[in-house]
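Me: I would like to learn how to read a protein model step by step. Could you take me through its features, giving the general idea and then the case at hand?

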Amino acid sequence: MALVTGGRLAAAVSMAGGLGIVGGGYAGVLGGEPDLRQELSHVRGQKFGVAFITWALARVPHVLDVALDQLPEYVFLSFGDPRPFADRIRRSGAKLICQVQCLRHVDEALEAGAAAIVAQGTEAGGHGGKRSTLPFVPEVADYLAVRSPTTLLLAAGGIADGRGLAAALMLGADGVVIGTRFLASEEALTPRATTDRALLATGDETVRTQAVDALRGVPWPDEFSFRVRSNKLTEQWAHREAEAAGAFGSLAATYAEARSRQDLDVVVSGAGECIGIIHDRTSAAVLTEKIVLEADALLARGATLDFSRQASHQHTC
């Protein structure tokens, strides 16, 4: 969500009762990202967090101070070791959220003193690991119950509505992190053409690959890949990851030029598998309220189900 979640979207989510997180992304390492100071100015007066890609932040650690100067409630770190930043974050008064993709990452997060851990499944849009949300979340829940029962657990990956929120709570999560659904919110930084295409897409039209990062010359660690909406570039390269790695950076200039003119046949947009259940562009406040109300209704309905009578009937038959 680095190029999607600016200050206006984060503020709108927080005003609606969620926790809005400003996407600090690559901390400016790649260039062409929204100005972090400007985006943070839009969220003043709200409870908010700031998120960074950890391996990129490690290259320009002073950018963390830009975020901490604005007194965020949380700093959200993902894709790298959070421990080198933990003390600075705590000293500022902020809490640390760590997104994880395997149990090794959970251990690193606990050592860093994370107040919350986000178990991210591979269904998620953007970058991620190899574990699926459905089995990964309860495994992390059990892991935390033994090792750190006071640490909050959030679920991410493929969650876009109240059904996903209700399911995540049943899996043992305390809440959810939702990305792709807010890509199509009115306050998002998403270009209109990208949103228009996303609203017509299905979950079948996403692909997870390492080839795009290699071709555009972005040095992502090998353990992560990139889920994006399919386009002509992914159709040509997604299955040729080894070849793309050997051609590292060969399309960097082409990709940058395509981004400047919003050529969506070349430029990819992060999108989770849940893109197929997103059909409208509306405000973040409406989305947040709708998701919560739907989950509440589903959980209430589930509580009235009587499985004992069905089991008894099956037994007598």
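Reply: Let us begin with the overall form of this predicted model. The radius of gyration is taken over C-alpha atoms, and the rule for a globule is 2.2 Å times the number of residues to the power 0.38. With 317 residues, a compact globule would come out near 20 Å, and the chain has 20 Å, which agrees. Along its principal axes, the C-alpha trace spans about 70 × 45 × 35 Å.

Me: What should I keep in mind about the numbering and the values?

Reply: Residues are numbered from 1 along each chain as its sequence is written, and side-chain values use heavy atoms, with hydrogens and water left out. Because the model is predicted, local features need pLDDT of at least 70 and side-chain atom pairs count only at pLDDT 80 or more, while totals for chains, interfaces and linings use all residues.

Me: How many helices and strands are there in the chain?

Reply: Helices (H or I, at least four residues) and strands (E, at least two) are DSSP runs, numbered from the N terminus. The chain holds 16 helices and 10 strands.

Me: How do I read burial, and what share of the residues count as buried?

Reply: A residue is called buried under 20% relative accessible area, exposed over 50%, and partly exposed in between, with a 1.4 Å probe and protein chains only. Here 50% of the 317 residues count as buried. Contact is a separate idea, meaning heavy atoms within 4.5 Å. Among the contacts with a separation of 6 or more, residues 24 or more positions apart account for 65%.

Me: Which residues are buried in helix α8, and what do they pack against?

Reply: Helix α8 covers residues 162–170, and its buried residues are G162, G164, L165, A166 and A168. These buried residues pack against β7 (152–156), β8 (175–177) and α15 (284–303). After α8 comes G172, which has a positive phi near 110°.

Me: How should I read charges, and how many salt bridges are there?

Reply: Side chains of opposite charge can pair when their charged atoms come close. In counting charges, Lys and Arg are positive and Asp and Glu negative, while His and the chain ends are not counted; the place of a charge is NZ of Lys, CZ of Arg, CG of Asp or CD of Glu. The chain has 30 positive and 36 negative side chains, and the centres of the two sets lie 2 Å apart. A salt bridge is a side-chain nitrogen of Lys or Arg within 4 Å of a carboxyl oxygen of Asp or Glu, and by this rule the count comes to 18.

Me: Where in the chain do E223 and R104 lie?

Reply: E223 lies in the loop between α11 (211–216) and β10 (225–229), and R104 in helix α6 (residues 103–111), so their pair ties together parts that are 119 residues apart in sequence. The two form a salt bridge whose closest N and O atoms are 2.9 Å apart. E223 is partly exposed at 34% relative accessible area, and R104 is partly exposed at 44%.

Me: How many residues apart are R192 and D196?

Reply: They are 4 residues apart in helix α10 (residues 192–198), which means a separation of about one helical turn. R192 is exposed at 53%, whereas D196 is partly exposed at 37%.

Me: Is H105 buried or exposed?

Reply: H105, found in helix α6, is buried, with a relative accessible area of 9%. Leaving aside residues up to four places away in sequence, H105 touches V100, E223 and F224.
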